[in-house]
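Trainee: I have a model open and want to learn how to read it. Can we go through it feature by feature?

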Amino acid sequence: MEMLSNMRVKLGALLATFSKTLDYVDRTLSSHHLRVAIIADDIAKAYGLSLQSRRDIFVAATLHDIGVFSLREKLSLGEYDIKNPYEHAEKGYCMIKEFVVLSDAAPIVRHHHTRWDDGRGRYYGQEEIHPGAHIIHLADRIEILLNKGDEVLKQKDPIVKAIRARTNTLFNPRLVEVFADLSEKESFWFDASYSEVDELIFNSEVIPEKELNLDELEEIARLFSHVIDFRSVFTVVHSAGVSEVASTLARLVGFSTIECRLMAIAGHLHDIGKLAVPTEILEKPAKLEEAEMNIMKTHTYYSYTILNLVKGLETINMWASFHHERMDGAGYPFHFKGDSLPIGSRIMAVADVLTAISEDRPYRKGMDKETALFVIQDLGSKNALDKTIIKTAAANFDYLDEVRHDVQELVRQEYTNLKTGICFPDSHPQNT
Ligand SMILES: [Fe+2]
Ligand SMILES: [Fe+2]
Ligand SMILES: [Fe+2]
């Protein structure tokens with residue numbers, strides 16, 4: 001199939017790009033994840049690990065704090081000594097361990113705050129912890145100590161001193177020595193503080209070259225839909241719903257099986273640009289002011305620019321990021337009109353509206369069937385949304401509502417399990 005022949009998405013490029021978005025919520029975090037990946041790889045390489053091992057560490061580093069949902073929690077990790085670091089590490093582990101392509105990275109994420117503790121931290125119960133976990137732990141703390149805006153070489157001595165002060169308690173002494181040796185090279189510090197992090201990452205040998213198949217791509221898209229949605233209690237199941245409604249609608253209008261799966265992936269990612277929108281705007285319990293609306297409007301633009309960085313996602317990007325474009329040209333941010341708007345993008349627009357109006361928002365309750373039907377049909381007759389797709393959606397309203405509801409219940413359960421710790425019943429032994 002033509003559409004798939006150009007769909008060669010590489011694991012490394014995808015993760016490096018998505019990893020950046022984990023730090024979009026606060027500009028002061030300036031690519032924390034990618035910097036940790038760079039520092040960790042410098043250490044792993046000097047420590048003599050194989051390229052395969054380094055690649056597993058790279059994958060884990062790009063996702064290591066994925067279990068942190070709120071900005072407040074994220075900022076609290078910026079302290080050198082964190083009080084309870086295990087919870088977000090466990091949550092991250094729970095989020096990724098089921099995904100085949102990330103399963104090697106999962107235990108590394110789980111233990112990225114495990115203390116060395118005189119060598120006891122080499123093991124977790126009976127199992128030996130991947131050395132990458134201790135490497136990311138060290139790299140993460142170095143990154144936190146580094147003041148990116150300040151001249152970097154003069155920070156060398158105080159940082160080495162602070163790390164040494166935690167030798168054997170927090171960090172593996174052998175790794176601390178590797179770091180101390182590395183710290184003699186200016187290039188180590190220039191790498192760690194380089195402003196154009198992407199340039200270092202995308203040409204590095206450590207970036208996994210592996211090409212993803214459709215199942216694997218869908219897994220990672222699903223994972224990121226959780227990153228996008230779990231930020232706010234109001235959107236916990238939004239992308240899951242849009243994904244399901246969009247792919248079902250696509251099938252109803254005659255898309256092929258593969259196209260429907262691409263549509264599901266696009267649905268998971270359509271709001272990825274919302275990671276750049278402040279939570280106060282996402283959760284404002286009233287209609288947005290003009291200035292706030294202007295910021296809100298950037299979200300599809302960001303979705304587009306983020307997905308555009310990954311080769312092979314072109315079709316998915318069009319379907320995902322044009323979901324606020326309208327048939328009459330009155331949408332945003334590109335003002336596409338009528339025929340220039342791909343059918344897939346029109347389906348996504350309908351799926352997004354249909355899902356959004358059925359969900360509760362800070363300023364209103366979800367609409368009942370009658371109101372929802374009226375709203376979408378009205379948008380169709382005004383030529384904002386595609387008339388034909390609206391017709392199909394209206395004719396299958398109950399069915400779409402049911403599939404959406406089912407999938408959203410599942411995700412809500414996953415979220416509750418993460419929140420309440422059901423997926424990690426044993427508390428970390430060092431958490432006393
Ligand atoms: Fe962390
Ligand atoms: Fe971190
Ligand atoms: Fe949306």
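Trainee: How are α4 and α8 set to each other, oblique or roughly parallel?

Mentor: Some ground rules come before that. This is a predicted model: local features need pLDDT of at least 70, side-chain atom pairs count only at pLDDT 80 or more, and totals for chains, interfaces and linings use all residues. Residues are numbered from 1 along each chain as its sequence is written, while chains are lettered from A and ligands numbered from 1 in the order in which they are written.

Mentor: Helices (H or I, at least four residues) and strands (E, at least two) are DSSP runs, numbered from the N terminus. Axes are lines fitted to C-alpha atoms, for helices over the stretch in contact, and angles run from 0 to 180 degrees between N-to-C directions. Under 35 degrees counts as roughly parallel, over 145 as roughly antiparallel, 65 to 115 as roughly perpendicular, and the rest as oblique. Helix α4 (residues 51-63) packs on helix α8 (residues 131-145) at about 50°, with axes 10 Å apart. The two are therefore oblique.

Trainee: Which residues make the contact of α4 with α8?

Mentor: Two residues are in contact if their C-beta atoms, placed from the backbone, lie within 7 Å. From α4 come Ser53, Asp56, Ile57, Ala60 and Ala61; from α8 come Gly132, Ile135 and Ile136. For classes, Ala, Val, Leu, Ile, Met, Phe, Trp, Tyr, Cys and Pro count as nonpolar, Asp, Glu, Lys and Arg as charged, and the others, Gly among them, as polar. This contact has 5 nonpolar, 2 polar and 1 charged residues.

Trainee: How are α21 and α22 set to each other?

Mentor: Use the angle again. Helix α22 (residues 387-395) packs on α21 at about 160°, axes 9 Å apart. They are therefore roughly antiparallel. Leu373, Ile376, Gln377 and Gly380 of α21 meet Lys387, Ile390, Ala393 and Ala394 of α22.

Trainee: Is Phe374 buried or exposed?

Mentor: Count C-beta atoms, placed from the backbone: 20 or more others within 10 Å means buried, 12 or fewer exposed, in between partly exposed. Phe374 lies in helix α21 (residues 369-381). It has 12 such neighbours, so Phe374 counts as exposed.

Trainee: Which residues of α19 are buried?

Mentor: In helix α19 (residues 314-321) they are Ile316, Asn317, Trp319, Ala320 and Ser321. They pack against α15 (257-269), α18 (298-308) and α20 (343-358).

Trainee: What does the domain assignment give?

Mentor: Domain bounds come from an automatic or database domain assignment. Here it gives domain 1 (31-202) and domain 2 (214-419). Their contact takes 10 residues from each domain.
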